Amino acid sequence: MDTQALKALIDLFGRAPLRELEISDCGQTVKITRAKQVQASMPPASSLPAAPLVAPTTSLPPIEKAEASPPKELLVTAPMYGTLHLSPAPDAPPFVAVGDTLHAGQQVGLIEAMKVFTPIKTEIAGRVEAILVPDGSEVEAHQPLIRLS
């Protein structure tokens, strides 16, 4: 199992209400379990899987990126690791364009991870000032995708 697939699997596991997941692929088996202590001490939305060798590399960069951005900047960020799609299909127009006005809850893209498409919805309203990541790019969890004004 390659590193990218493992990262995507851990990210999906972190968002799912599962306690344990075991997957076999090409003769290799990966078992991810969620420690009861981590669940009790952290809110469910931010609970991390018990995978000490991979978790630090997937959780440290987003924290640094979040601290590096100015607090006044309005950003739509990636909810998880995966491939960014800015339109619903290759021949369809994009969900949003620079200059569009967005309302809270509006879909702005899709993230594909392990053949699962997850909608990206904005939690804030504003005008699209810039699209920071090109269509088809791999993105990390919490990476800024769209800047609003």
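A residue counts as buried when its relative accessible area is under 20%, as exposed when it is over 50%, and as partly exposed in between (1.4 Å probe, protein chains only). The model is predicted, so local features need pLDDT of at least 70 and side-chain atom pairs count only at pLDDT 80 or more, whereas totals for chains, interfaces and linings use all residues. Residues are numbered from 1 along each chain as its sequence is written, and side-chain values use heavy atoms, with hydrogens and water left out.

**Exercise 1.** Classify T118 as buried or exposed, and list the residues that T118 touches.

*Solution.* Step 1: T118 lies in strand β7, residues 116–121; helices (H or I, at least four residues) and strands (E, at least two) are DSSP runs, numbered from the N terminus. Step 2: the relative accessible area of T118 is 12%, so T118 is buried. Step 3: a contact means heavy atoms within 4.5 Å. Not counting residues up to four places away in sequence, T118 touches R15, M80, G109, L110 and I111.

**Exercise 2.** Describe the place and the surroundings of A113.

*Solution.* Step 1: A113 belongs to strand β6, which covers residues 107–113. Step 2: A113 counts as buried because its relative accessibility is 3%. Step 3: leaving out residues up to four places away in sequence, A113 touches A8, L12, M80, Y81 and G82. Step 4: T83 is 30 residues from A113 in sequence, and the two are 6.6 Å apart in space, C-alpha to C-alpha.

**Exercise 3.** Determine the order of the strands in the open sheet of 4 strands, and identify its edges.

*Solution.* Step 1: two strands pair if DSSP finds at least two bridges between them. Step 2: the order is β3-β10-β8-β5, with antiparallel pairing. Step 3: β3 (74–77) and β5 (101–102) are the edge strands, each pairing on one side only. Step 4: β5 pairs with β8 (residues 126–131) in the antiparallel sense over 2 bridges, and T101 stands opposite R127 in β8.

**Exercise 4.** Find the salt bridge of the structure and explain which parts the pair ties together.

*Solution.* Step 1: a salt bridge is a side-chain nitrogen of Lys or Arg within 4 Å of a carboxyl oxygen of Asp or Glu. Step 2: the structure holds 1 salt bridge, formed by the side chains of R147 and E129 at 2.9 Å, N to O. Step 3: R147 lies in strand β10 (residues 144–148) and E129 in strand β8, so the pair ties together parts that are 18 residues apart in sequence. Step 4: R147 counts as partly exposed because its relative accessibility is 24%, and E129 counts as partly exposed at 37%.

**Exercise 5.** State how far the predictor's confidence reaches along the protein chain, and where pLDDT is below 50.

*Solution.* Step 1: pLDDT is the predictor's confidence in each residue, from 0 to 100. Step 2: the protein chain has a mean pLDDT of 78, and 74% of its residues reach 70 or more. Step 3: residues 37–42 have pLDDT below 50, and this stretch has 3 contacts beyond near neighbours in sequence. Step 4: over residues 54–60 pLDDT also stays under 50, and the model has 6 contacts for them beyond four places in sequence.
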